[in-house]
Amino acid sequence: MDRYIGKLLPIDGFTIIQTGSAPQSAQSSLTHLYQPLIGKLAISLYQFLVNEEETCDQGLVQSHHAVMAFLSTPLDQIYKARQKLEALGLLRTYLSKKESTTVYLYEIRSPFSPEEFFNDDMLSLLLRHEMGEDKFNSLRSRFSKPSISLEDYEEVTETFDRVFHGVYPSSALLDQQKQSAQRREGTGTRGPAILDSRVDFNWLHHALKQRMYPSEKILTGDHRRIISQLVALYNLTSSEIERAIIWAINEENELIVEELKAACHDFIKDRPAGDNGSIDEREKVPGSSQESGSKEEQFIQLLEEISPRELLEDLSSGNQASEQEMKIIRDIMTEQGLKPGVMNVLIHYVLLKTDMKLSKPYLEKIASHWARKNVSTVRQAMNLAKAEHQKYQQWGKQKNTYRKNNQEVIPDWFKKRGEPKEKQPAVQINKQDIAERIRKLSNKGNGS
C-alpha cells in the first residue's frame, strides 16, 4: 500500500470530459464484463465520474475530497481503482501544466459493447482467466445474438444516392454493389447506404498516376470510404472529386482528409439554391398545410421541412449564411448524427441563447447530449431543451456567451413548457411574428 500513498492528495483538483457516447448495453458491459476484471470500486468510480460530467458545469474543478465522500473510500484505494480504469481504457488522465495547484483532467472513455468486448482478444482472454472456462462461455452465450441467415431474403434497401439525388443505377449494378458490401461488412453494416459504384476508382487511379501521384498511397481503403461518402453527400462529379483530391494532397503526397472535406464543401458555393447537391436541401412535403394548428405546431412543421441554411437566412433577415456557419453545421450533423430538423431546433435555440451567434462549443455540447439521448424528431428536441433548460443554462454561463445585459432571450416555443411563464415579454426574432416567417418561407417557391 505504501507505494500508493502520496500519489494523490485530497486537495488535488480534477475536472472531467467525456469522449464519445456510451452504447445502450454499456451498463451490462460494465457490470458483467468489466467488473470481474477491475472490481466493484473501480466501476463505482467510473459511474461517479460519468454522473459528474453530465450534471456539473463544464470545466468545474473539484477536489478529491468529493470523491472520497461520495464513495466512502480512502484515497489510496480510489487511486488504485483509477489506475485499473486507465489500464482497461475506460479513463485517460492528464495533469495540468498551467494551474498553480495540482489539477487532473479525467477523460471518460465509453466501454465496449458486449460484442466488441468479446471480439477484443486481450479483454476476452483476461475475462476467461478470471472467470474460468465454463463461466466465460456462459457469459459469451448470454450476450451472443442468434444469427439469422439471409439466404431466404432479398435485400431491397434504398441507397443514399437514389433517395437524395435521384441517381438510379441498373439492377445488375445494384446487385453487384450489395454482394460486395456483404462480403466486406457482413450483416452488421452501419451508416448511410452509399452507392460506392458512383465513384470510378479505376479512373481516379489512372488520373492520379498521370499526374505522377502515388495512387496506392492515396486511395487506401479508409480514404475510399471517405471519398464515397463525400461524393454522395455533396453529389459530386468525377471531375470535381478529382480536383478536390488533388487540392488535398500535401508535399509528401499524403491525402489530408480535413482539406478534402473542405474542398468538397467549396463546390456547393456556386450551385443554385435548388440544386440537390447541397447538403442542406430538404424535401418539401407536397400539400402540407401550414395554416392549421397552433403557432407552435406550425413552427414544428416548418422546422421539419426547411433546411438549416434556409433557417439561418430567415433568422438573418434574408442575409446569406456564411460558409463558416455551414461548415460548423455540417461537422456537427455528421459527427453527432443529427437529423436536419433536429439541427434546426438546435440552431434556433443556440442563436437566441448566444446573442444571435453560432457558438460552436455550445452547439457541440448540446448536440452531443442529444445524440446520447437518441433525439430524432423536432418535438423530441424541443421537449428535451425545455426539460434540460437549467443544465443548458449552466453550460452557457460557463462560456459566458448567451447573456447580454443580464437579459435572457428565450425561444417562443420554449415558453410553452407547462411551467409558469416569464413575466418579461417574449423577445421576437428580428422583430417579425412567427406567422409572417412561415408565410414568407411558404411562398419562396411561388415567386414572392
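Reply: Let's start with what packs over a helix: the buried residues of α4 are covered by elements including α1 (26-38), α2 (40-55), α3, β3 (91-95) and β4 (103-109). Keep in mind that this is a predicted model.

Me: Which residues of α4 are buried?

Reply: Look for residues under 20% relative accessible area. In α4 these are Leu-75, Asp-76, Ile-78, Tyr-79, Ala-81, Arg-82 and Leu-85.

Me: How many residues does helix α4 have, and what does it reach from its first C-alpha to its last?

Reply: Compare the span with the one expected at 1.5 Å a residue. Helix α4 (residues 75-87) has 13 residues and reaches 18 Å, close to the expected 18 Å. After α4 comes Gly-89, with a positive phi near 80°.

Me: At what angle do the axes of α2 and α4 cross?

Reply: For a pair of helices, check both the approach and the angle. The axes of α2 and α4 come within 9 Å and cross at roughly 80°. An angle of 65 to 115 degrees counts as roughly perpendicular, so that is how α2 and α4 lie to each other. On the α2 side, the contact is made by Leu-41, Ala-42, Leu-45 and Tyr-46, while α4 brings Gln-77, Ile-78, Ala-81, Arg-82 and Leu-85. Sorted by class, that contact has seven nonpolar residues, one polar and one charged.

Me: Now a single residue. Is His-64 buried or exposed?

Reply: Read the relative accessibility. His-64 counts as buried because its value is 1%. This residue is found in helix α3 (residues 64-71). Its side chain reaches the backbone oxygen of Asp-12 at 2.7 Å. Beyond its neighbours within four places in sequence, His-64 is in contact with Leu-8, Leu-9, Pro-10, Asp-12, Gly-13, Phe-14, Leu-75, Tyr-104 and Tyr-106.

Me: And His-65, what does it count as?

Reply: His-65 also has its place in helix α3. At 42% relative accessibility, His-65 counts as partly exposed. Setting aside neighbours within four places in sequence, His-65 is in contact with Pro-10 and Ile-11. Sequence and space can be read side by side too: His-65 and Gly-13 are 52 residues apart in sequence and 9.0 Å apart, C-alpha to C-alpha.

Me: Let's zoom out. How many helices and strands are there in the chain?

Reply: The chain has 22 helices and four strands. Of its 448 residues, 42% are buried. Among contacts between residues at least 6 apart in sequence, 66% join residues at least 24 apart.

Definitions and conventions
Residues are numbered from 1 along each chain as its sequence is written. This is a predicted model: local features need pLDDT of at least 70, side-chain atom pairs count only at pLDDT 80 or more; totals for chains, interfaces and linings use all residues. Side-chain values use heavy atoms; hydrogens and water are left out. Helices (H or I, at least four residues) and strands (E, at least two) are DSSP runs, numbered from the N terminus. Buried means under 20% relative accessible area, exposed over 50%, partly exposed in between (1.4 Å probe, protein chains only). A polar contact is a pair of N or O atoms within 3.5 Å; within protein, one must be able to donate a hydrogen and the other to accept it, and residues adjacent in sequence count only if both atoms are side-chain atoms. Contact means heavy atoms within 4.5 Å. The expected span of a helix is 1.5 Å times one less than its number of residues. Axes are lines fitted to C-alpha atoms, for helices over the stretch in contact, and angles run from 0 to 180 degrees between N-to-C directions. Angles under 35 degrees count as roughly parallel, over 145 as roughly antiparallel, 65 to 115 as roughly perpendicular and the rest as oblique. Ala, Val, Leu, Ile, Met, Phe, Trp, Tyr, Cys and Pro count as nonpolar, Asp, Glu, Lys and Arg as charged, and the others, Gly among them, as polar.
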